[in-house]
Amino acid sequence: MRGRDEGTPRRAECHGGDACPAGLPPAAVDADVPSAVGRVLEVLLDEQVGRADGIDATFARDVAGRVRSFTLEGGKRTRSQFLWWGLRACGDGPGAGAVGTVLRVAAAVELLQTCALVHDDAMDRSSVRRGRPSVHVEFAERFTAPGREARAARFGAAAAVLTGDLALAWADDTLAAAGLDGRSGARVREIWQAMRGEMVAGQYLDLYGQISGSRSAALATRISYLKSARYSVERPLALGAALADAEEATVQALCAAGRCAGVAFQFQDDLLGVFGDPERTGKPTGDDIREGKLTTLLTVARARAARRHDRAALAVLDRCVGDRRLDHAGLERVRAVFVATGARDEVAARIRRLVTRSFRHLDSVPLDAFAAARLRRLIAAVAGVGADPDRPGPADGADGGSDCPSLAACARGGRDR
């Protein structure tokens, strides 16, 4: 396997209004993965909206058009980047003729993410996404009038479900049309099937944790694992490795790295959900508290308060978590508990340990030097830490290791083995 110096990436440009052509050099995608995937998405979605218009103009405008706009506007294409750099880390990358196939698989992942976010917002009744009204809110606002608010809200939620369903259908269409064949294609399809199921399972467990009032730290970790670790990082890396037809040891290392990084990603999202700046996150702060979401941040705070016999802190959490009408003062009280109990600092420390462990997995196998460096940078970015975490991580099995589930590295067919 040949590597490249980390400071000298090959660069090229992708010109033209068409989707990145099949002959595009991999280095052109290296230069800007989100833009390369975005160009493919734009062409694919224009075609899909055109087909929808042939079915019904209102459907095309309201539903298909929203899938298009939501997918193309905003978002960092994080999963596409993990897919691409996972593939590139396995060697020199695809031949120029295969780049189009890889980008179409990445486009399918982005459409799956559209489905997940639209449905998630509707289920959580989140009003803002990416700094603008959520899809279900946009639908509801079109028909809101005095005395019709509840009916409009029900319509908005139902229409958002259909919008997410259409995004999922288009995701499957895009993968099916990507031209995958042979052993690599079979592996990609198996991972894809597993990823879809895990996405639904993670979302259901998230809802289950809320309605059941569970305080289980194990369930909180499982939710983080399925909603973020598997779906957001591990599976995209596995897709990249499958497209590269990587050796088993490389697949195992990439998936283990993705598992740790993905849990760190969710922990960081939990922190931002309570302490983040809405101007930067694009969504309101405190929604997780109001919805009563079972997060590791919350379970750590409860456990620490209980160990200290801090009844006042426990009373705040019992009273405020799950209160949909919680005001700013109430949210500030919850934040104060997270700080005073040390929960915020502990979760931040766990993030750093997880990132360090993720880097160790990357270092355990020979990877392309430039691509591995980009992966480390991407992992650090999604986890909200520096490229070199400032606190050393423990060896596997030491304190804190339970945050990174010790399941066998992701199986190509979706089974843990």
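Mentor: The buried residues of helix 7 are Ala152, Gly156, Ala159, Ala160, Thr163, Gly164, Leu166, Ala167, Trp170, Ala171, Thr174 and Leu175, where buried means under 20% relative accessible area with a 1.4 Å probe and protein chains only. The model is predicted, so local features need pLDDT of at least 70 and side-chain atom pairs count only at pLDDT 80 or more, while totals for chains, interfaces and linings use all residues. Residues are numbered from 1 along each chain as its sequence is written, and side-chain values use heavy atoms, with hydrogens and water left out.

Helix 7 covers residues 149-176, which is 28 residues; helices here are DSSP runs of H or I with at least four residues, strands are runs of E with at least two, and both are numbered from the N terminus. From its first C-alpha to its last, helix 7 reaches 41 Å, close to the 40 Å expected at 1.5 Å a residue, the expected span being 1.5 Å times one less than the number of residues. The buried residues listed above pack against helix 2 (33-55), helix 3 (57-72), helix 5 (99-124), helix 6 (135-143) and helix 8 (182-212), with contact meaning heavy atoms within 4.5 Å.

Among these partners, helix 5 deserves a look of its own. The 26 residues of helix 5 should span 38 Å at 1.5 Å a residue, and the end C-alpha atoms are 37 Å apart, which agrees. Helix 5 is followed by Arg125, which sits in the loop between helix 5 and strand 1 (128-129) and, although a residue other than glycine, has a positive phi near 55°. Another non-glycine residue, Arg77, has a positive phi of about 55°; Arg77 is found in the loop between helix 3 and helix 4 (78-89), and it counts as buried because its relative accessibility is 8%.

Now for the core. The largest nonpolar core has 120 residues, a nonpolar core being a set of buried Ala, Val, Leu, Ile, Met, Phe, Trp, Tyr and Cys residues joined through side-chain atoms within 4.5 Å. Within this core, Phe338 and Ile351 touch the most other members, and helix 5 supplies the largest share, 15 residues. Once neighbours within four places in sequence are left aside, Ile351 is in contact with Ala264, Phe267, Gln268, Leu271, Ala383 and Val385.

Cys260 belongs to helix 10 and counts as buried because its relative accessibility is 0%; its C-alpha atom is separated by 7.0 Å from that of Ala229, 31 residues apart along the chain. Lys293 lies in the loop between helix 12 and helix 13 and counts as buried because its relative accessibility is 10%. Apart from neighbours within four places in sequence, Lys293 is in contact with Asp124, Asp206, Gln210, Asp288 and Leu298.

The protein chain has 17 helices and two strands, and 55% of its 417 residues are buried. Of the contacts with a separation of 6 or more, 77% are between residues 24 or more positions apart.

Key:
Buried < 20%, exposed > 50% of the residue type's maximum accessible area, 1.4 Å probe, protein only.
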